[in-house]
Amino acid sequence: MRVLDKKIILIITLLFSFFNSCEKKIEKTKEVSKKTIDSKFLTNEKIFSFLEKSPKINPNSKMGKPFESLNFEKVIAYEYQDSPNSDPYSSIITDEKFIPTITKQMYLTQTQAENLLSKLSNSKSYGIQPSICFYPHMSLIFFNRKKIVNVIDICLDCNQLSSNVNIDNQSKEFNGFSKYGRKAIIDFSKEINFKYKDYNTF
């Protein structure tokens with residue numbers, strides 16, 4: 001074999017080894033990156049473990065309609081991010097499952113539930129034309145044991161909420177938050193250190 005042929009074979013071998021090594025490094029980086037991203041999101045195991053340990057509360061007339069007559073024993077607030085691979089979520093529950101991008105959870109005490117729900121059931125909390133979009137990043141889920149009784153998804157960017165159970169005093173047409181309603185969400189977010197705490201009223 002000529003010296004030139006040997007050199008060409010050596011160069012090809014070195015190039016193949018280099019690119020193969022690079023590919024392995026890229027794949028390894030992707031795996032590490034994926035683990036880093038996923039680690040900040042709550043698993044179903046963590047969600048239900050937290051739910052089980054959360055204190056019970058009692059629905060009462062202070063909460064207003066419809067909450068006073070709902071059969072629930074716990075309310076958990078969740079904060080979450082948009083989907084990294086598709087359009088933003090329109091609810092924390094999709095296809096009867098929790099979305100995979102939940103970052104925070106906090107139970108409501110009896111006092112917090114009475115205070116917040118009394119405002120969400122108050123007609124003063126509504127009356128503004130909301131945005132057409134609805135990309136919530138906070139939700140309240142009402143549980144009876146592990147069964148979901150109601151879900152309220154909240155979007156301050158779009159200035160509205162969506163509740164599975166109809167809120168009697170929420171206007172059908174002008175159902176966006178008033179300054180009073182928006183402030184209720186912001187104040188509650190400050191209590192539990194959710195991102196909506198940094199939003200303004202109007």
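**Reading salt bridges**

Reader: Is Asp198 buried or exposed?

Author: Buried means under 20% relative accessible area, exposed over 50%, and partly exposed in between (1.4 Å probe, protein chains only). Asp198 has a relative accessible area of 56%, which makes this residue exposed. This is a predicted model, in which local features need pLDDT of at least 70, side-chain atom pairs count only at pLDDT 80 or more, and totals for chains, interfaces and linings use all residues. Residues are numbered from 1 along each chain as its sequence is written, and side-chain values use heavy atoms, leaving out hydrogens and water.

Reader: With which residue does Asp198 meet in a salt bridge?

Author: Side chains of opposite charge can pair when their charged atoms come close. A salt bridge is a side-chain nitrogen of Lys or Arg within 4 Å of a carboxyl oxygen of Asp or Glu. Asp198 meets Lys197 this way, at 3.3 Å from N to O. Lys197 is partly exposed, at 26% relative accessibility.

Reader: How many salt bridges are found in the whole structure?

Author: Four. One of them pairs Glu114 with Lys62, the closest N and O atoms being 3.9 Å apart. Glu114 is in helix 3 (residues 110–120) and Lys62 is in the loop between helix 2 (44–53) and strand 1 (74–80), so the bridge ties together parts 52 residues apart in sequence. Helices (H or I, at least four residues) and strands (E, at least two) are DSSP runs, numbered from the N terminus. Glu114 is buried at 16%, whereas Lys62 is exposed at 56%.

Reader: Where do Lys183 and Asp187 lie?

Author: Both are in helix 4 (residues 179–192), four residues apart, about one turn of the helix. Lys183 is partly exposed at 43%, and Asp187 is partly exposed at 25%.
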